[in-house]
Amino acid sequence: MKMSRLYAPTLKEDPTEAELASHRLLLRAGMIRKEAAGLYTYLPLAWRSIRKIENIVRDEMDTHGAQELMMPIMVDADLWRQSGRIGAYGKELVRFNDRHEREFVLGPTHEETITALVRNELRSYKQLPVNLYHIQDKFRDEFRPRYGLMRGREFIMKDAYSFSATQESLQEEYDKMKEAYANICVRCGLKALPVVADSGEIGGDTSVEFMALADAGEASLVYCDDCGFAADDEAASTMVTVSEGPGDGTLTKVETPGLGTIADVAKFFGFPENGTRKALAIIDAEGNPVVAIVPGDHELNDCKAEHVFGKGYRLMTDEELEENGLFKGFIGPVNLPEGIRLVCDKSLEGSKSWTCGANEVDYHFTGACPGRDFTPDEWADLVTVVAGDPCPHCGRPLASARGIEVSQVFQLGTKYSEAMGAYFMDEDGKEKPLIMGCYGVGVSRTLAAIVEQHNDENGIIWPVSVAPYEVSIIPLDVNDDLVWPVAEKVSAALAEKGIEVVVDDRKERPGVKFADNDLMGFPYQIICGKKAVKNGNVELKDRATGERSEVAIDEVAEKVAQLVLAARA
């Protein structure tokens with residue numbers, strides 16, 4: 001490919017709307033262009049990389065026993081009614097009527113479509129297991145699309161669905177997909193961790209996300225360097241270490257004038273915030289009042305709270321606090337007004353001396369003891385696990401990081417098959433629901449995640465496996481009768497060896513060429529300058545390390561081909 005013919009309009013300045021490195025660099029390098037909020041066109045360079053990611057995904061899926069098909073983007077809304085998700089998914093689900101006033105949705109995922117497809121076809125245990133996948137544009141009407149390809153309304157995803165007769169068979173498919181997904185990350189050049197995750201709107205009981213570590217990641221996670229445990233903060237669970245409050249364990253009411261925050265109360269008693277108890281007044285999804293108690297140095301986890309209090313729960317307004325006889329900053333489990341449900345974090349269950357609000361303005365209790373002074377209606381996992389909390393597997397302190405979710409595997413069980421009537425005849429002659437798994441890779445998100453992990457102040461640094469072109473040849477003077485023939489000779493030699501080459505044949509100053517080639521991030525640059533060529537050499541630059549070396553013209557194609565072939569997936 002000649003760069004003079006390449007459609008890659010670069011930008012000299014950072015786009016004002018770009019907050020993340022991937023968004024900024026993909027725009028600047030002429031790889032994507034914004035059509036509307038959350039909608040992007042992939043220009044030729046980005047599309048070449050997308051196709052390489054897709055082919056890595058295909059190779060791993062095929063190798064691990066999955067079969068590719070293609071399902072429609074438009075999905076009959078009635079299928080979503082059958083599954084019960086049409087209301088639960090929310091406004092992010094794009095809905096419309098066709099000319100005959102039949103309702104359709106644009107599929108953000110395809111559990112309903114695939115279940116409807118197989119429910120009249122997979123009728124015997126002898127046909128199972130089956131794993132089917134497709135790679136397709138998806139649509140989700142994000143309320144606030146941002147971060148370029150990270151949170152778009154239209155995105156490219158590979159989703160696979162397995163169907164099994166037994167839980168053991170599902171586990172086998174699930175483990176195969178986890179292995180495939182780990183391989184995909186490695187082959188795409190991503191440093192990623194498999195983390196325990198919440199299943200969200202997809203459903204199911206078991207889920208693992210593959211998180212590409214990045215400071216700009218939208219998700220936070222905790223992990224253990226000792227045993228390898230990792231989980232995102234929506235699903236991480238451990239017994240948080242808590243301190244007992246001050247005093248001798250006797251219930252004592254203490255005047256605390258104006259001390260309505262955890263920090264103020266802890267300072268007043270001379271105890272760490274971990275020795276206090278934080279109370280949150282909530283209206284649950286059914287409109288009922290609840291008080292939730294968590295350790296003073298931890299926060300209520302929104303995802304866990306939704307599981308306990310229902311989706312749509314919220315904190316009480318000032319008016320609702322007054323209606324329920326509660327006082328902001330002084331709420332506690334003792335003498336709680338009648339009719340308010342009390343839910344306490346599990347980590348507090350063994351603690352017998354709580355410092356907490358006294359349900360009276362300007363007063364707190366010390367020495368409050370569950371079972372003696374109050375009785376929780378429920379103990380539940382409520383808190384967000386943070387760095388320093390004990391690992392639930394080995395007890396060592398957890399570390400924290402941020403990550404980009406690039407893929408996720410789910411064990412759906414029979415959620416969709418039972419709802420949609422997808423049954424098979426088992427070997428015992430009984431009809432049973434198909435046991436399902438779901439496995440998704442965000443292809444376009446993977447592209448962005450790669451750029452987030454592989455860049456420097458000069459631009460993108462593509463891993464060879466996903467680079468749009470593996471080598472760029474930069475003749476510093478395309479009109480020179482000595483330099484230009486060398487560039488063409490080396491390009492032809494590399495092409496014969498199956499190496500993907502772009503030649504910067506533009507009549508630009510060397511500085512412009514160097515800047516653009518660094519920005520676009522081609523892994524290897526072969527620089528043809530007059531002085532070096534006269535001596536029978538060209539300069540070879542490794543984009544990732546910045547290392548430069550002179551190589552004989554007759555040897556450079558072989559040397560670079562060996563480097564590229566060794567680095568390919």
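Trainee: Which element gives the most to the lining of the largest cavity?

Mentor: Helix H6 gives the most, with 3 residues, where helices (H or I, at least four residues) and strands (E, at least two) are DSSP runs numbered from the N terminus. A cavity here is a set of points on a 1 Å grid over the protein atoms alone where a 1.4 Å probe fits but cannot get out, whereas a pocket is an open set with protein on both sides within 12 Å along at least five of seven lines, and lining residues have an atom within 4 Å of a point. Before we go on, keep in mind that this is a predicted model, in which local features need pLDDT of at least 70 and side-chain atom pairs count only at pLDDT 80 or more, while totals for chains, interfaces and linings use all residues. Residues are numbered from 1 along each chain as its sequence is written, and side-chain values use heavy atoms, with hydrogens and water left out.

Trainee: How many cavities does the search find, and how much space lies in the largest cavity?

Mentor: The search of the whole structure finds 1 cavity of 30 Å³ or more, and about 40 Å³ of space lies in the largest cavity, a volume being the space filled by probe spheres set on grid points that are joined across faces, edges and corners.

Trainee: Which residues line the largest cavity?

Mentor: Tyr181, Ile184, Cys185, Leu190, Val406, Ser407, Val441 and Thr446 form the lining, and both helix H6 (167-187) and strand S21 (399-413) supply at least two residues of it. By class the lining divides into 6 nonpolar, 2 polar and no charged residues, with Ala, Val, Leu, Ile, Met, Phe, Trp, Tyr, Cys and Pro counted as nonpolar, Asp, Glu, Lys and Arg as charged, and the others, Gly among them, as polar.

Trainee: Which ring does Tyr181 pair with, and what is the geometry?

Mentor: The count comes to 9 aromatic pairs, using rings of Phe, Tyr and Trp (its six-membered ring) with centres within 6.5 Å, and calling planes under 30 degrees apart stacked, over 60 edge-to-face and the rest tilted. Tyr181 and Phe210 have ring centres 6.1 Å apart and planes at 65°, so the pair is edge-to-face. Since Tyr181 lies in helix H6 and Phe210 in strand S10 (residues 206-213), the pair ties together parts that are 29 residues apart in sequence.

Trainee: Is Tyr181 buried or exposed?

Mentor: Tyr181 counts as buried at 1% relative accessibility, where buried means under 20% relative accessible area, exposed over 50% and partly exposed in between (1.4 Å probe, protein chains only). Phe210 is buried as well, with a relative accessible area of 4%. Elsewhere, ring pairs link Trp354, Phe374 and Trp379 into a cluster.

Trainee: Switching to the second largest pocket, how much space lies in it?

Mentor: About 400 Å³ lies in the second largest pocket, and of its 23 lining residues the closest to the centre are Ala279, Leu280, Lys328, Gly329 and Ile331. Strand S14 (277-283) is one of the elements that supply at least two residues, and S14 contributes the largest share of the lining, 5 residues. The classes are 12 nonpolar, 7 polar and 4 charged residues.

Trainee: What about charges, how many salt bridges are counted?

Mentor: The count is 39 salt bridges, each being a side-chain nitrogen of Lys or Arg within 4 Å of a carboxyl oxygen of Asp or Glu. Asp456 and Arg543 meet in one of them, at 2.8 Å from N to O. Asp456 lies in strand S25 (residues 455-456) and Arg543 in the loop between strand S30 (537-542) and strand S31 (548-552), so the pair ties together parts that are 87 residues apart in sequence.

Trainee: Is Arg543 buried or exposed?

Mentor: Arg543 counts as buried at 3% relative accessibility, whereas Asp456 is partly exposed at 24%. Separately, salt bridges that share partners join Arg51, Glu54, Arg58 and Glu68 into one network.
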